[in-house]
Amino acid sequence: MNTSKMRRKVVPAAVDNGDSADKLDQLLLSASICNGEDVGPFVRKAFASGKPETLLHHLRHFTRSKESEIEDVCRAHYEDFITAVDDLRSLLSDVDSLKSSLSNSNSQLQSVSVPLLTTLDSFVEARNKCTNITLAIQSLRTCVQLVELCSRANRHLSENNFYMALKCVDSIEREFVNKTPSSTLKRMLEKQIPAIRSHIERKINKEFGDWLVEIRVVSRNLGQLAIGQASASRQREEELRIKQRQAEEQSRLSLRDCVYALEEEDDDGFDGISDDAKDGNGILGFDLTPLYRAYHINQTLGLEDRFKQYYFENRKLQLTSDFQVSSMTPFLESHQTFFAQIAGFFIVEDRVLRTGGGLVSKLEVENLWDTAMSKMCSVLEDQFSRMQTANHLLLIKDYVSLLGVTLRRYGYPVEALLDVLSKHRDKYHELLLSDCRKQITEVLAADKFEQMYMKKEYEYNMNVLSFQLQTSNIMPAFPYVAPFSCTVPDCCRIVRSFIEDSVSFMSYGGQLDFYDVVKKYLDRLLTEVLDGALLKLINTSIGGVTQAMQMAANMAVFERACDFFFRHAAQLSGIPLRMAERGRRLFPLTKARDAAEEMLSGLLKQKVDGFLLLIENVNWMVDDPPQGGNEYVHEVTIFLETLVSTAQQILPVQVLKRVLQDVLFHISEMIVGALLGESVKRFNVNAIMGLEADVKMLESFAESQATLLSEADASQLKAALAESRQLVNLLLSNHPENFLNPVIRERSYNALDYRKVVTISEKLRDQSDRLFGSFGTRGSKTNTKKKSLDALIKRLKDVN
């Protein structure tokens with residue numbers, strides 16, 4: 001029977017109001033048990049009220065009431081039960097027959113299956129053995145592969161082939177650690193794999209540390225090599241410029257038969273630093289293999305970022321160390337090493353940036369360069385401020401400019417360095433001017449004011465042709481006596497050296513057109529230094545006509561030399577000569593030239609004054625005019641002719657003309673001054689006629705110089721005697737009153753001062769004014785010329 005069927009819920013019957021509480025409790029308990037509800041509340045209530053016996057009574061009553069129901073059910077189903085028992089008994093006989101049949105079948109089956117089961121057991125045992133053997137073989141194969149990998153890793157480690165060793169270790173860790181059948185091997189691998197990686201990391205970091213030490217020396221040599229190649233390239237450019245200037249000079253001189261071909265050479269200067277450096281074959285061992293190997297190994301170890309930081313910090317420390325300037329060694333001796341070290345550092349960094357696969361970034365290199373640029377500028381500022389020698393400053397500037405050229409090829413901006421050089425341009429030239437001033441002073445102090453004697457052609461080339469001082473393109477015969485003293489070529493060498501040093505400082509400094517700057521300082525050298533030194537020499541050291549003449553000759557040669565100086569500066573500055581000649585200025589040594597000529601003229605005047613003292617012996621009241629002039633004029637003429645014959649050997653004709661003109665003008669003044677002086681109280685016409693003969697002799701001397709000078713120059717020399725000539729003409733004129741006519745005066749007496757005319761005219765006496773002279777002329781007519789002269793004197797006095 002299915003006991004899980006839902007039972008009908010029993011509801012207690014209603015009780016009358018007269019039933020007792022116990023009856024109600026009994027009904028409720030019966031209903032709860034029938035409904036399968038919990039009887040716990042009834043138990044608790046019974047014990048709470050202290051009447052558990054009542055509860056037991058109710059339960060027994062319920063049990064008795066159900067026994068009768070059970071009996072009723074049993075009676076109702078008894079017949080069916082008996083029928084079922086009969087069926088089971090009949091079935092039992094069938095089961096017995098089936099049991100015997102099954103027993104027989106089992107016996108037969110067992111007799112048949114025993115051999116089969118024995119075979120099956122043997123098969124199972126064999127299969128288990130085969131499985132075990134297969135597993136053993138697989139384990140052995142795994143172990144063999146593992147051992148081979150370990151052996152390979154050990155071999156790579158012994159050969160320092162760390163990358164392949166790491167690859168083997170990674171393969172072992174990835175494929176064999178978790179599959180290794182041996183726990184011992186597994187523990188060994190788990191212990192040794194980190195140890196191997198640590199060992200590789202230490203070894204590779206040691207190699208990298210050794211490379212860091214080595215690369216400092218290599219960087220210095222590399223920087224020196226790169227800067228040396230820049231210098232060689234610059235030298236080749238200079239040689240090409242020299243050839244070009246020679247070609248331009250030949251073209252300027254119209255020497256068409258001289259043909260210059262500018263040969264181009266392969267510019268392999270900077271290519272000497274081979275790109276094979278990263279393969280370990282670079283010049284000077286510029287080998288980046290250890291660096292890239294360390295970087296690759298650290299990438300494999302997963303330490304890429306840490307290695308990048310480690311590399312950058314170490315290189316930054318090295319750069320900071322390179323900035324140290326030793327106070328024990330002069331910067332002039334250490335500057336090449338200082339800048340070469342920095343140049344090599346950034347050449348290496350440029351290569352690492354381009355080929356390092358992201359080892360350093362462009363921003364990091366730029367930050368390092370900014371730091372280096374700031375430090376180099378501060379070092380240069382400090383060292384330049386201490387230097388007091390122009391040559392030292394130039395040497396450092398040249399090397400810094402080569403450094404700039406070298407690093408600019410690698411893309412580094414160097415404008416700040418060039419700005420520092422430009423900032424000290426004025427100081428350099430001031431030091432250079434000071435040095436030149438000392439050299440020029442020494443050269444001038446050693447001058448003996450003697451013409452330079454040259455025995456060989458090379459001396460002529462060195463002292464004349466090299467400064468274009470020659471007046472003819474024809475090579476002179478040797479020995480050759482130059483018209484100048486040794487001061488001229490010595491000073492020219494100093495000035496030429498100044499020009500070359502100035503151009504050298506201004507070249508490659510970032511400024512392309514610097515001719516105006518060079519020209520400005522060249523003007524200062526010539527006008528302030530050389531002109532001042534020459535002027536001082538003229539005023540303090542010249543004591544004779546020979547020295548003064550030599551100095552005047554030197555100044556004439558200096559004038560040609562100055563033209564060469566400005567052309568040379570233009571050529572070195574890359575300026576066409578036509579542009580330089582277009583902007584030519586006046587002769588910069590004008591003060592010294594004028595002082596030399598004035599000194600020569602003054603000494604000659606002193607000599608002439610010695611001869612003019614003889615004018616005191618002139619008889620001013622002579623009865624007859626002296627024939628052939630007075631004595632003094634003969635002495636003066638002889639001196640002038642001697643002077644010309646000597647001076648024309650060394651003095652240019654224009655200088656000689658100016659000196660003679662000044663001397664003749666002085667002689668004319670002295671003649672007029674003699675008549676004007678108090679020593680001459682009176683004179684007559686015969687004395688004036690003697691003076692007229694003197695002036696004529698001097699004029700003849702001036703005219704005779706036309707063969708040496710020119711007709712125009714001879715006329716100018718003659719014009720220097722204008723005052724004395726016009727005075728003699730006036731005193732001998734029959735109509736002296738024409739002096740009052742402005743037109744005639746401007747044409748014939750423009751050199752005369754009317755005050756001098758008055759004073760001198762008052763001293764003129766007629767022959768009748770002589771003692772006893774009136775006896776023979778008593779009663780004669782008054783001299784008409786005397787009257788005219790007296791009228792002139794009166795009119796001039798009225799004007800005064």
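Student: How many residues does the largest nonpolar core have, and which residues have the most contacts inside it?

Tutor: Keep in mind that this is a predicted model. The mean pLDDT of the chain is 79, and 86% of its residues reach 70 or more.

Now the core. The largest nonpolar core has 199 residues. Those with the most contacts inside it are Leu-291, Phe-346, Phe-565, Leu-640, Leu-651 and Phe-683. Helix H16 (residues 545-572) gives this core its largest share, 18 residues.

Take Phe-565 from that list. Not counting residues up to four places away in sequence, Phe-565 touches Cys-492, Val-495, Ile-499, Leu-522 and Leu-526.

Next, look at Met-551, which lies in helix H16. Met-551 counts as buried because its relative accessibility is 1%, and the cut-off for buried is under 20%. Leaving aside neighbours within four places in sequence, Met-551 is in contact with Phe-449, Leu-534, Leu-537, Ile-538, Ile-542 and Ala-596. Consider Phe-449 among these partners. Met-551 and Phe-449 are 102 residues apart along the chain, but their C-alpha atoms are separated by 7.1 Å. As a general point, nonpolar side chains tend to be buried together in soluble globular proteins.

Technical notes
Residues numbered from 1 in each chain as written. Predicted model: local features only at pLDDT ≥ 70, side-chain atom pairs only at ≥ 80, totals over all residues. Heavy atoms only, no water. pLDDT = per-residue confidence, 0-100. Core = buried A, V, L, I, M, F, W, Y, C linked by side-chain atoms within 4.5 Å. Buried < 20%, exposed > 50% of the residue type's maximum accessible area, 1.4 Å probe, protein only. Helix = DSSP H or I, 4+ residues; strand = E, 2+ residues; numbered from the N terminus. Contact = heavy atoms within 4.5 Å.
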